[in-house]
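Me: I have a structure to look at and would like to talk it through slowly. Could you help me with the contacts in it?

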Amino acid sequence: MDQDRYTIPSATGVDVELAIAGAGSRSYAFLIDWHIRILLTIAWFVCAAVITGGVHLFTAPPGRSSIGFMLGAVMPAAIIYFLYHPVLEVLMHGRTPGKRTAGVHIVTRGGGTPSAGALLVRNLFRLIDSAPAFYMLGLFTCLFTAQRVRIGDMAAGTLLVFDHGASVGSLAQLGALSSTSKLDPATLDVIAELLSRWSDLTAQPRAALARALLQRVDAGQDVAQLAALSSQELRERLQRLLRGREN
Amino acid sequence: MANSFPQARSWLLARAPLWQSLTDSLAQLHQRRQLSVDETLKALDSYRALARDLATARRFMPGTSVTHALESIYAGYHGIIDRAPRVSRAALLRTLRVEIPATMASLRTPLQWVLLLFVLSIAAGWWLINTYPTLIGLVASEQMIDRVERGELWTDGLLNVTPSSVLSIRILSNNIVVSIFAFCAGAFWGLGTFYMIALNGLMLGAAFAFTRQYGLDGRLFNFIIAHGTVELSVICIAGAAGMALGESLIRPALPSRRESFEFCARRLVKLLALCALLLIGCGLIEGFVSPNPAFPLASRVIIGVCYWGLMWAALTGRLFGARRSAIPAADA
């Protein structure tokens, strides 16, 4: 099995293929989540401390009962910090704001949405994964296991996989382009992708790719004439091809 | 590529609106917690249609954004169809009446070993401090030692320092973390659990030996008895669960260690969830009853014994109406 792909047999006979997220994507998602939960925790704690009579961090305001302060400021802050992952993962079906930003989500080994129990097990094992510090054990197992999982994932039978939100969006675009252009969908797809990445590519390779595509679309084109076109002209011709005004 | 699929353009034109509508439906299905029969059948039809289209796209248009998009929608529908059912009242009752008692019965042997380890650790702690009293500094803080040497227990006047409600929350959260850690540490082939149980036993034995030297052991027993029966039992159960987790790695019962570990962890976590609830009760007793001198020893013993009985009834399923005959069947 390809280490970065996970294949699940399906009842239809057509396998489901998932792209496994590695340690980098996990860390990125975790860092975003950590910042969110620490900010929420501090925000709640400071607001509650101010409301209960001035900023008295870690101690009850003088002359007031510590019960209200503990139950109103410390406890909710601790709950936000410690239950952030399990609660959000259950409510958001295997996602958290950090995971959503990193474009990853949790699935079961069968490819399904994990149950609340599985997500609970996954989060219980954070105690072990975070040992001895900074999630070192979790990162270590993530780097050296075939499906890039931490101990919590092994116990819960879950995987972290990539979303394909961007490709789903491109489906509508390609459908619309196919209705206006006479080019075959695969060529349209390549042209659309080249244009979307135009500004990211350096001048020479993108010009070479654009010329190769234009020549493929119209084999009778003069090579010397194509070579004389500037980068901007090549881009405009590709855009016209996409819009179906030039074939 | 599309060169070998001349109808690709017309195929794409014909199918694209359907794929778009399926993408929209998928987003709605993800939001819904429960689907009707019609919606489920429609989702299954969509899944089958997507499988056909994906197979075509994989064959004739590999690596294109169309294929990637179809992979994504197909995986999304697969996720919906493969989704675990909602926890119903019947499923919850089955867990409480059958699954947890069966898990508890399967832990009988590791529980015996953990109890033996715990008792031996208590004895070792007792012997160590009795023989070498100066070693108490290894298991107790200086503040605790000073108070005992002054003839006071560290639990004396606890309610004057911290209110019962706060004390309860602090104690129960600490106990739950210790139990979860004793269980999860079993992932280190059982060695982590071994360490946790041995350390807890050693500390308990040492504390009793140390307080005995100042004639305070009776008062320590007085403090512990109401909540300790269930608290120590739950820590031992969590330890046994950790041992079972370690055993699933050392001697896997399923084809692979990973599968065995996963199966074991998911089975045991239900038991631990019930244990966590029992620890909430322990925290409340430890916060409201144990430090309160108004409760005489007899009432503390009654509370301790009754709460232990409640724990036993819960773990064997009898508290939730499990029939006597159902439990041995589950054990098997």
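Me: Which residue does A:Arg109 form a salt bridge with?
Reply: A:Arg109 pairs with B:Glu262 in a salt bridge, and their closest N and O atoms are 3.8 Å apart. A salt bridge here is a side-chain nitrogen of Lys or Arg within 4 Å of a carboxyl oxygen of Asp or Glu. This is a predicted model, in which local features need pLDDT of at least 70 and side-chain atom pairs count only at pLDDT 80 or more, while totals for chains, interfaces and linings use all residues. Residues are numbered from 1 along each chain as its sequence is written, chains are lettered from A and ligands numbered from 1 in the order in which they are written, and side-chain values use heavy atoms, with hydrogens and water left out.

Me: How many salt bridges are there between chain B and chain A?
Reply: The count between chain B and chain A is one salt bridge, whereas the count over all chains comes to 19.

Me: And how many residues does the contact take from each chain?
Reply: It takes 53 residues from chain B and 53 residues from chain A, where contact means heavy atoms within 4.5 Å.

Me: OK, new topic: what does A:Arg122 meet in a salt bridge?
Reply: The side chain of A:Arg122 meets that of A:Asp153, at 2.7 Å from N to O. A:Arg122 lies in helix H4 (residues 116–124) of chain A and A:Asp153 in helix H7 (residues 151–156) of chain A, so the pair ties together parts that are 31 residues apart in sequence. Helices are DSSP runs (H or I, at least four residues), numbered from the N terminus.

Me: Are those two buried or exposed?
Reply: A:Arg122 counts as buried at 2% relative accessibility, and A:Asp153 is buried with a relative accessible area of 0%. Buried means under 20% relative accessible area, exposed over 50%, and partly exposed in between (1.4 Å probe, protein chains only).

Me: Now chain B: which residue forms a salt bridge with B:Lys270?
Reply: B:Glu99 forms a salt bridge with B:Lys270, with the closest N and O atoms 2.7 Å apart. This pair links distant parts of the chain, since B:Glu99 is in helix H4 (residues 89–106) of chain B and B:Lys270 is in helix H11 of chain B, 171 residues apart. B:Lys270 counts as partly exposed at 36% relative accessibility, and B:Glu99 is partly exposed too, with a relative accessible area of 25%.

Notes
Helices (H or I, at least four residues) and strands (E, at least two) are DSSP runs, numbered from the N terminus.
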